[in-house]
Amino acid sequence: MSLLRKKTTDTDLEKVIGQLLRFGVLLSSAIVIAGGMIYLWRHGREQPQFHVFKGEPEKMRMPGPLFRAILNGEGRPIIQLGLFVLIATPILRIVFSIFGYLLEKDWLYLLITLVVLAVILWNF
Amino acid sequence: MTILVFTLALFVGALAAGLLGSLTGLGGGVVLIPLLTLVFKVDIHYAIGTSLVSVIATSSGAAAAYVREGITNIRLGMFLELATTIGAICGAWLSALVSTSFIAVLFGVILILSAAISFFKLADPVSTGQGSPLSRWLKLNSSYPTPEGEKPYLVKNVIGGFFMMNIAGIISGLLGIGSGALKVIAMDNVMRIPFKVSTTTSNFMIGVTAAASVGVYLSRGYIDPGLSMPVMLGVLLGAFLGSRILTTAKTSSLKILFALVILVLAIEMMYNGLTHKI
């Protein structure tokens, strides 16, 4: 009986994770497309310069300057916001799993998942 | 060439890479970096950042479908993500210490390995017995849906698989690829998991593994929106179309053709690395 219940919570968690991943990818694609249109409209006729590495400016790396640039109506920061949403998707998946294992009282996997989350967030 | 033409060309190239990668099961990400550096002459740092972002997009998109079908072993994925994320961060830090020529040569080696592995015969999965004490403690033994109903399987050699995953994570962080081929060897040949479970679980882990190293690449300014936009959208669309055709089209000759393309790209990457053109 308890095995059966465990299986249902697992399946529910799988459904939620599946939906979350799909939503994250679709939302980020939509933002990237919107930003891409503005970018091509503004810079489409210029020459690309990707053969030399310059590194991205601060507004493409930090959330604060990124949002200020978006408010200026720039396209590239909007694309970057979409990429942030994309990167956040698998991280959010981990957060959801934490709640799932908490509900299941699966302490071993709760610990494993917390360590994975810590490893990922440590680098941002 | 203007940015508009360049962007459209990148989109078409990425679409082809995603489509072929999905049809052949070799993954589109593996040809993205040679495509960007050799064909479009993009700096390899930008190419790695762009590839990493695209890898997150395709793996999350595909995982959404697999997870709902109940094939993915989520516990196994979570446990092995410990190994891949730690490896990925080490790999991302290593990438700043080694020369771009070294990265190019290593990339060529991994490309050849990935193509070769897909032609190997995989070990048979194990379904009888008790499994190792460690796999029971970690609740890794599971079952998966087949046309004949749920089929149970056991997970062998957990520690060996964990170490292989660690290496797969380092390669992923260093080269900006999903290193799905290495993950599949770790799960099929070392841990003896059924192929369908290992491919979907590997794909499930790729997004998290890439998310671990992407922070390092982002803060170094390797992720450019102008490059990532067409590449990510192209690969995603290509992979989606590929997953739709997969059931009907015959893919064995296509797989050989794609493996040959990979071989040529690998040799060119290694040549460019050795002559310090990259």
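Q: Is Pro90(A) buried or exposed?
A: Pro90(A) is buried, because 27 other C-beta atoms lie within 10 Å. Buried here means 20 or more other C-beta atoms within 10 Å of the residue's own, exposed means 12 or fewer, and partly exposed is in between, with C-beta atoms placed from the backbone. Keep in mind that this is a predicted model, where local features need pLDDT of at least 70, side-chain atom pairs count only at pLDDT 80 or more, and totals for chains, interfaces and linings use all residues. Residues are numbered from 1 along each chain as its sequence is written, and chains are lettered from A and ligands numbered from 1 in the order in which they are written.

Q: OK, what does Pro90(A) touch?
A: Setting aside residues up to four places away in sequence, Pro90(A) touches Ile56(B), Ser60(B), Gly207(B), Val208(B) and Ala211(B). A contact means that the C-beta atoms, placed from the backbone, lie within 7 Å.

Q: And which helix is Pro90(A) in?
A: Pro90(A) sits in helix α3 of chain A. Helices are DSSP runs of H or I with at least four residues, strands are runs of E with at least two, and both are numbered from the N terminus.

Q: Where does α3(A) bend?
A: At Thr89(A), by about 30°, and a proline, Pro90(A), follows within four residues. The bend is the angle between axes fitted to the seven residues ending there and the seven starting there.

Q: Switching to the interface: how many residues are in contact between the chains?
A: 51 residues of chain B are in contact with 50 residues of chain A. On the chain B side, α1 (3-24), α3 (44-69), α4 (74-97), α9 (195-219) and α10 (225-245) each supply at least two residues. The most comes from α3(B), with 11 residues.

Q: How does the chain B side split by class?
A: It has 31 nonpolar, 13 polar and seven charged residues. Ala, Val, Leu, Ile, Met, Phe, Trp, Tyr, Cys and Pro count as nonpolar, Asp, Glu, Lys and Arg as charged, and the others, Gly among them, as polar.

Q: Back to chain A. What's it made of?
A: Four helices and zero strands. Chain A's radius of gyration is 20 Å, well over the 14 Å that the globule rule gives for 124 residues, so chain A is more spread out than a compact globule. That radius is taken over C-alpha atoms, and the rule is 2.2 Å times the number of residues to the power 0.38. Along its principal axes the C-alpha trace spans about 65 × 30 × 25 Å.

Q: What's the pLDDT like for chain A?
A: The average is 87, and 92% of the residues score at least 70. pLDDT is the predictor's confidence in each residue, from 0 to 100.

Definitions and conventions: Two residues are in contact if their C-beta atoms, placed from the backbone, lie within 7 Å.
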